[in-house]
Amino acid sequence: MIPFVDLRAAHAEVADEVRQGFDRVLLNTSFVQGPDVAAFEEEFAAFSGVPHCVGAGNGTDAIELALRACLTPPPHTDVTPSEVILPANTFVATAEAVIRAGLRPVLADCDDEYLLLDPEAAASAVGPDTAAIIPVHLYGQQAPMAAVHDLATRHGLAVVEDAAQSQGSGQAGRPPVGLAATSFYPGKNLGAYGEAGAVLTSSPALARAIRLLTGHGSEVKYQHETLGFNSRLDTLQAVVLRAKLKRLAHWNDLRRAAADRYATLLSGIEGIRLPQTAPGNLHVWHLYVIRVPERDKVLAGLQDAGIQAQIHYPVPIHLQPAFRHLGHTPGDFPTTEKAATEILSLPLHPHLTPTHQEQIAETLSTLL
Ligand SMILES: *Cc1c(COP(=O)(O)O)cnc(C)c1O
């Protein structure tokens with residue numbers, strides 16, 4: 001059996017530190033907003049090269065909070081929904097967060113090479129009600145940020161980066177991060193032991209606004225400036241994240257080494273399209289997504305051989321029943337739709353062994 005991720009091996013590396021940290025929290029009972037939360041926020045901001053980090057309950061909340069802080073008045077006032085452009089090729093949470101923030105998602109197709117938001121498709125989606133754009137750093141590499149910022153500047157749009165899959169990634173020559181949301185779901189490159197997320201921002205005013213929203217709109221206990229949420233980063237999760245953050249750069253290096261090894265092992269197999277890194281991108285390989293013909297047959301063959309491959313994501317957002325009200329039909333985003341029939345995520349994590357990768361390559365060569 002070759003698992004898709006190995007959270008047990010990751011835990012083994014941090015087990016002592018996590019246990020000591022848990023003991024500390026249990027002893028001083030600082031379960032909510034304990035000192036480890038503030039410490040993690042500082043450490044993750046420094047790691048990301050962004051001045052401010054505000055912890056949140058999960059990544060979907062983090063996107064919603066970021067949107068609310070930069071766009072909408074407090075939730076009790078009526079506003080006509082502004083539009084937010086996002087890629088059709090993303091996890092459903094990106095679109096969910098937009099709707100939950102009282103905004104209207106407008107989808108744009110991806111490019112065929114990297115499966116990231118296509119800036120030209122995004123430009124065609126801009127209308128009089130467009131207020132923001134969410135580039136998604138899918139699979140571990142950043143969307144084309146210079147082009148996204150050009151578009152945003154031309155039309156006065158806010159930019160909220162969905163960085164759930166890209167902790168530790170980079171892009172040469174990109175504009176600095178203004179506002180970004182991330183997720184520490186257990187399987188992400190930096191994963192908690194439950195739900196957790198965060199917003200990164202260069203703006204002290206936005207950081208304060210987001211912090212208010214995470215804790216009932218209150219900075220001083222029982223004084224509520226605005227309506228908010230209860231979406232804080234849990235102290236026990238902060239302990240886990242602090243321990244794992246110390247290893248993240250190394251773990252991302254191991255992911256890159258594994259990706260390079262796949263590229264060598266799979267390059268000789270006809271029919272496989274290997275994932276590409278866009279020029280200037282430092283990829284952190286949250287997912288290793290190949291494209292194959294007869295994908296469902298190949299996936300079944302891998303599963304029969306005990307290899308846990310997956311699909312990210314099998315049904316694009318615009319074809320999901322939950323988004324029927326957006327009024328889309330098959331054919332609206334052809335590149336995303338075609339990719340959805342071909343993509344296959346192979347196991348890739350810091351503890352994946354070369355032997356397992358060779359077995360995966362060998363099995364694939366018999367299936368194609
Ligand atoms: C995981 C993920 C999210 C949501 O994060 P949660 O912590 O699960 O709420 C949002 N966007 C993308 C691209 C993700 O991969």
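Contact here means heavy atoms within 4.5 Å. Keep that in mind for this tour of a predicted model.

**Stop 1: the two domains**

Select residues 7-241 and colour them as domain 1. Then select 248-367, which is domain 2. The bounds come from a domain assignment of the chain. The centres of the two domains, taken over C-alpha atoms, are 24 Å apart.

**Stop 2: where the domains meet**

Now show the residues that touch across the boundary. Domain 1 contributes 42 residues in contact, and domain 2 contributes 36. Together the domains bury about 3400 Å² between them. Carbon and sulfur atoms account for 59% of that area. Which residues of domain 1 lose the most area to domain 2? Select Leu107, Tyr139 and Asn189. These three make up 21% of what the domain 1 side buries.

**Stop 3**

For a salt bridge to look at, select Asp112 and Arg291. Their side chains meet at 3.2 Å, N to O.

Which elements give two or more residues to the domain 1 side that touches domain 2? There are helices and strands to pick here: helix H1 (7-28), helix H4 (92-100), strand S3 (104-108) and strand S7 (170-171). Colour that side of domain 1 by residue type. You will find 20 nonpolar, 14 polar and 8 charged residues.

**Stop 4: the ligand**

How many residues surround the ligand? The count is 15, and the closest are Gly59, Thr60, Asp162, Ser183 and Lys188.

Take three of them in turn, looking at oxygen atoms of the ligand:

- Gly59: a polar backbone atom is 2.7 Å from a ligand oxygen.
- Thr60: an N or O atom of the side chain is 2.5 Å from a ligand oxygen.
- Lys188: an N or O atom of the side chain is 3.1 Å from a ligand oxygen.

**Stop 5: two backbone details**

Most residues other than glycine have a negative phi, and most peptide bonds are trans. Two places in this chain depart from that.

Select Gln33, in the loop between H1 and helix H2 (35-48). Gln33 is not a glycine, yet its phi is positive, about 60 degrees.

Then select His312 and Tyr313. A cis peptide bond joins them, with omega about 10 degrees. Tyr313 sits in the loop between helix H9 (295-304) and helix H10 (334-342).

Notes. Residues are numbered from 1 along each chain as its sequence is written. This is a predicted model: local features need pLDDT of at least 70, side-chain atom pairs count only at pLDDT 80 or more; totals for chains, interfaces and linings use all residues. Side-chain values use heavy atoms; hydrogens and water are left out. Domain bounds come from an automatic or database domain assignment. Buried area is the accessible area (1.4 Å probe) that two parts lose on being put together, summed over both. A salt bridge is a side-chain nitrogen of Lys or Arg within 4 Å of a carboxyl oxygen of Asp or Glu. Helices (H or I, at least four residues) and strands (E, at least two) are DSSP runs, numbered from the N terminus. Ala, Val, Leu, Ile, Met, Phe, Trp, Tyr, Cys and Pro count as nonpolar, Asp, Glu, Lys and Arg as charged, and the others, Gly among them, as polar. A residue is near a molecule or strand if one of its heavy atoms lies within 4 Å of it. A polar contact is a pair of N or O atoms within 3.5 Å; within protein, one must be able to donate a hydrogen and the other to accept it, and residues adjacent in sequence count only if both atoms are side-chain atoms.
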